[in-house]
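Thanks for coming, everyone. Please have the viewer open, and I will walk you through this one.

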Amino acid sequence: MRIVVVDIGGTAIKSGVFDKGKVRQIKEEKTEAKRGAKAVFETVEAMIESYQSVDAIGICTTGQIDVEKGRVCFAGPNIPDYQGFEIKKTLVERFHVPVAVENDVNAAALGEAYFGAGVVVNDFLCLTYGTGIGGAIIQNKQLYRGKNFAAGEFGGLIIHPENRNQNNDDIFSGCYERYASVTALVHAARKVDASIQNGRDVWEKRNSLFVKEVLADWIQEISIGLVSLIHIFDPELVLLGGGMMEQSELILRIEEKIKEMIMDRYKGVQITSAQLGNLAGLYGMVRILQ
C-alpha cells in the first residue's frame, strides 16, 4: 500500500511516501498561507501528484479537526478561509482514494508513540512549542481526542487569571500559550535586545545578562504549565517538541524546574524531547492509515 502523507504548517508543507517501513522521498514547499486555503491546497495536490502512484492520503494540519468528516472546525488567522475547509472531500474528489485528516500535534504524538520516543511507554503527553502551543494525549497507545475532537488544547490552560481579558474577546488572554510559546519568548527577548528575530537568536545569546533573565522566566512559565498537566494526567512521559526543544540543555533546565515544583508522587515522570523532529506528523498519519 503506497501511502502519501502531508504535513501542512504555517510556513512550510512537508510530504513523503511510506515505503519499506520509512517515510521516504521527503519534499517541502512554502505554504504561502496568506494566499488562502484554496491556493494552499493547490500546492498540496501538486505535491501528492508528484508521487504518481497513490493508494491512500494522510493529511495533518494546524487547527482543530473533525476527523470523521475531515474538516477544519477551528483555525486561527494564519491561513485565510481555512476554518470550515473540507479537506477530505476535496482530496477524495480529486484522487479517488481513502483520505485521513488529523490535527498536526495529534499526528505527531501518534508518530512518536509508534515510531519514536514514545514506543516504550503506553501513556504520555506531547506538547509542541512554536508560534503557539499544541498538545496531544496518548492513553494506552491510543490518541484521546475528546467529544469535539479537540482534547489537548493545552495552550488554553489559564496560568495567569489576573491577566484575563474582562470582555472575553481574547480567548487566549492569561493562557499558557501567551507566556510559554516561542512567540512569547521572542517578544520578551526583543524588549531587551532588538536584534533578536527568532528562538534561535535567543538561544545563541542565552548567556548575555538580560536575555539570560528572559530565558529563565520563560522556562518558569513552561514548567508551571507542565506541572499542572502532570498532576492532572499522571503520565509516564512528557514529550516536548518544536525547534527550541531540540536543545538538550533546555530540556534539562525544564526538568529540573519541574522537579522542584511537583509532588513527590509524580517525580518519576520522564521529560524528554520528541525524537522524530519535523517528520513526526508524517509518521503519525501513516499509523492512522495502516
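Let's start with Lys257. Lys257 is partly exposed, because its relative accessible area is 25%. This is a predicted model, by the way. What does Lys257 pair with? Its salt-bridge partner is Glu260, and the closest N and O atoms are 3.5 Å apart. Both residues sit in helix H8, three residues apart, which means about one helical turn separates them. Glu260 itself counts as exposed, at 58% relative accessibility.

Glu255 forms a salt bridge with Lys259. Here the closest N and O atoms are 3.6 Å apart. Glu255 and Lys259 are four residues apart in helix H8, so again the separation is about one helical turn. Are these two buried or partly exposed? Glu255 counts as partly exposed at 21% relative accessibility. The cut-off for buried is under 20%. Lys259 is partly exposed as well, at 23%.

Side chains of opposite charge can pair when their charged atoms come close.

How many salt bridges are there in the whole structure? A search finds eight. Here is another one of them. Arg94 forms a salt bridge with Glu49, and the closest N and O atoms are 1.7 Å apart. Arg94 lies in helix H2, residues 87-95, and Glu49 lies in helix H1, residues 37-49. The pair therefore ties together parts that are 45 residues apart in sequence. Arg94 is partly exposed, with a relative accessible area of 34%. Glu49 is partly exposed too, at 39%.

Helix H8 covers residues 248-261. Together with strands S11 and S12, helix H8 makes a β-α-β unit, and that unit is right-handed. Strand S11 spans residues 237-241, and strand S12 spans residues 270-273. The two strands pair in the parallel sense, over four bridges. Find Leu240 for a landmark: its bridge partner in S12 is Ser273.

Now zoom out to the sheet. S11 and S12 belong to an open sheet of five strands. The order is S10-S9-S8-S11-S12, and the pairing is mixed. Which strands are at the edges? They are S10, residues 142-143, and S12, each pairing on one side only.

Strand S9, residues 133-139, pairs with S10 in the antiparallel sense. Two bridges hold that pairing. Gln139 has Gln142 in S10 as its bridge partner. Between S9 and S10 there is a loop, and Asn140 is found in it. Asn140 has a phi near 50 degrees, a positive value in a residue other than glycine. Asn140 is exposed, with 54% relative accessible area.

There is another five-stranded sheet. It is open, with the order S3-S2-S1-S4-S7 and mixed pairing. Its edge strands are S3, residues 22-30, and S7, residues 99-103; each pairs on one side only. Neighbouring strands of this sheet are turned by 15 degrees against each other on average, direction ignored.

Ile59 stands opposite Val101 in S7.

Phi of Gln25 is near 50 degrees, a positive value in a residue other than glycine. Gln25 is partly exposed, at 46% relative accessible area.

Next, a hairpin. Strands S5 and S6 form it, with four residues between them. S5 covers residues 64-66 and S6 covers residues 71-74. They run antiparallel, joined by three bridges. Ile65 stands opposite Val72 in S6. In the turn, Gly70 has a positive phi of about 65 degrees.

Last stop: the surface. Which residues form a nonpolar patch there? Val192, Leu209 and Phe210 do, with about 300 Å² of accessible area together. Take Leu209 from that trio. Leu209 is found in helix H7, residues 209-233. Leu209 counts as exposed, because its relative accessibility is 57% and the cut-off for exposed is over 50%.

That is the tour. Questions, please.

Definitions and conventions: Residues numbered from 1 in each chain as written. Predicted model: local features only at pLDDT ≥ 70, side-chain atom pairs only at ≥ 80, totals over all residues. Heavy atoms only, no water. Patch = residues over 30% accessible without salt bridge, like charges linked within 9 Å, V, L, I, M, F, W, Y side chains within 5 Å. Areas by Shrake-Rupley, 256 points an atom, 1.4 Å probe, with all protein chains shown as cover. Salt bridge = Lys/Arg side-chain N within 4 Å of Asp/Glu carboxyl O. Buried < 20%, exposed > 50% of the residue type's maximum accessible area, 1.4 Å probe, protein only. Pairing = 2+ DSSP bridges. Axes fitted to C-alpha atoms, helices over the stretch in contact; angles between N-to-C directions. Right-handed = clockwise from strand over helix to strand, strands pointing away.
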